[in-house]
Amino acid sequence: MSTTAPPRTATRAEPEPTGRTAAETVLRVREYSIGGALLLLILVTWLANPSFLDQQGIKDLLLNSSILVLLATGQSVVVLTRNIDLSVGSVVGLTAFACGSFVSGTDHGPVALVLLGIALGAGCGLVSGALVSFGRVPALVVTLGMLYVIQGVDHAWAHGEQINAATVPDDILTLGSGSFLGIPYLPLISALVLAGTGYFLRTYRSGRELYAIGSNPEAARLAGIPIRRRVLTAYAFSGAVAGFAGALWLARFGTVVADAANGWELTVVSAVVVGGVAITGGVGTVWGAALGALLLTTIGSALVVLKVSSFWEQAITGALLLAAISTDRVVRSRSTRALRKRRRQ
């Protein structure tokens, strides 16, 4: 007896049931809690130092968080499939230096810069995704290996040199420092990527399938979902976003060295998990991940304003990460017990 896989020609997801599961309810409350904690942190810091929310302070806060929000958006798509990408920081460093070498001393504009960064990042993501999805190598091993490979290539290429802002075309530097109606370009770009990704995951069937893969890979396979292709696409998207972030890194800072964004991998993962995306996959939104990125960035800025040692930034980030993972574990256990009880009834 043969079975026929469900058609995959439709692009939009089927309408969701009106009732919300316990996990969705807790997740929404958690996102509100992160937003409340962010507002409270900003208020306390502003009361201690009113210059924290002056025009320049707000601009700096938006600029400092824009690249991290981008990386958290790409990382969320991978984590939703029950995988992880630890190579995003090294991809940012590689693409930033490569883009700097490409435009240095030339008249290349922002379009060529962005296309090169996205292409390089997507290529790195495809390599990782192919090894994870088709090679069946654990994601942690693959992406950690890619991290060191990319860093080695970057350092061998740079030979201790750096890209200077004086050699970068003015149009590219304007992309990193300019603004539209008083809002810097970089936060606007991050918001557009975030909104587009969130809309795709929420609306289109292929986006909802990423949640299904992370929730129960075996059930997703039986439902006819092309798991390998979806995971490969998720890694390619994460790499492309990281490459895009690398191009924007060059536009933002102008001066780039080989180890740009070194160590950002764990910061990105922390932002995603703190924002409510379960490390075990299948639960979370890119909006929550963006809130997590904003929260971590604001903590760092607030500690500087309050003249507190930077050690506490790492300690607070680690504590938030542990609390988020513990919360995910408790919520998942309670949801599983509630589902079993409902089935028995």
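**Entry 1: H2 and H10**

I began with helix H2 (residues 55-80) and helix H10 (residues 227-253), which pack with their axes 7 Å apart at an angle of about 170°. The model I am reading is a predicted one. Angles over 145 degrees count as roughly antiparallel, and H2 and H10 are therefore roughly antiparallel to each other. I looked up which residues meet. From H2 the list includes Leu 63, Ile 67, Leu 70, Leu 71, Gly 74 and Val 78. From H10 it includes Tyr 235, Phe 237, Val 241, Phe 244, Leu 248, Trp 249 and Arg 252. I sorted the contact of H2 with H10 by class and noted 15 nonpolar, five polar and one charged residues.

**Entry 2: H2 and H12**

I then turned to H2 and helix H12 (residues 286-305), whose axes come within 8 Å and cross at roughly 145°. I noted the crossing of H2 and H12 as right-handed. On the H2 side I found Leu 61, Asn 64, Ser 65, Leu 68, Val 69, Ala 72, Thr 73 and Ser 76. On the H12 side these meet Val 286, Ala 289, Ala 290, Ala 293, Leu 294, Thr 297, Thr 298 and Ser 301. The contact of H2 with H12 divides into nine nonpolar, seven polar and no charged residues.

**Entry 3: Thr 197**

I looked up Thr 197 and found it in helix H7. Is Thr 197 buried or exposed? At 8% relative accessibility, Thr 197 counts as buried. Setting aside neighbours within four places in sequence, I listed its contacts as Thr 73, Val 77, Phe 237 and Val 286. Thr 73 and Val 77 are both in H2, Phe 237 is in H10, and Val 286 is in H12. Thr 197 and Val 286 are 89 residues apart along the chain, and I noted 7.4 Å between their C-alpha atoms.

**Entry 4: the core**

I checked the largest nonpolar core, which has 77 residues. Trp 249, Leu 250 and Val 256 are the ones with the most contacts inside it. H10 gives the most to this core, with 12 residues.

**Entry 5: H8**

In helix H8 (residues 205-215) I marked Gly 207, Glu 209, Leu 210, Tyr 211, Ile 213 and Gly 214 as buried. What covers the buried residues of H8? The cover includes H2, helix H7 (185-203), helix H9 (217-222) and H10.

**Entry 6: two arginines in loops**

I looked at Arg 82, which lies in the loop between H2 and helix H3 (88-103). Its phi is near 70°, a positive value in a residue other than glycine. Arg 82 is partly exposed, with a relative accessible area of 39%. Arg 136 is in the loop between helix H4 (110-133) and helix H5 (139-158). Arg 136 has a positive phi of about 55° although it is not a glycine. With a relative accessible area of 61%, Arg 136 is exposed.

**Entry 7: the whole chain**

How many helices and strands does the protein have? I counted 13 helices and two strands. Of the 345 residues in the protein, 45% are buried. Among contacts between residues at least 6 apart in sequence, 80% join residues at least 24 apart.

Methods:
Residues are numbered from 1 along each chain as its sequence is written. This is a predicted model: local features need pLDDT of at least 70, side-chain atom pairs count only at pLDDT 80 or more; totals for chains, interfaces and linings use all residues. Side-chain values use heavy atoms; hydrogens and water are left out. Axes are lines fitted to C-alpha atoms, for helices over the stretch in contact, and angles run from 0 to 180 degrees between N-to-C directions. Helices (H or I, at least four residues) and strands (E, at least two) are DSSP runs, numbered from the N terminus. Angles under 35 degrees count as roughly parallel, over 145 as roughly antiparallel, 65 to 115 as roughly perpendicular and the rest as oblique. Contact means heavy atoms within 4.5 Å. Ala, Val, Leu, Ile, Met, Phe, Trp, Tyr, Cys and Pro count as nonpolar, Asp, Glu, Lys and Arg as charged, and the others, Gly among them, as polar. A nonpolar core is a set of buried Ala, Val, Leu, Ile, Met, Phe, Trp, Tyr and Cys residues joined through side-chain atoms within 4.5 Å. Buried means under 20% relative accessible area, exposed over 50%, partly exposed in between (1.4 Å probe, protein chains only). A crossing is left-handed if the near helix is turned anticlockwise from the far one by less than a right angle, and right-handed if clockwise.
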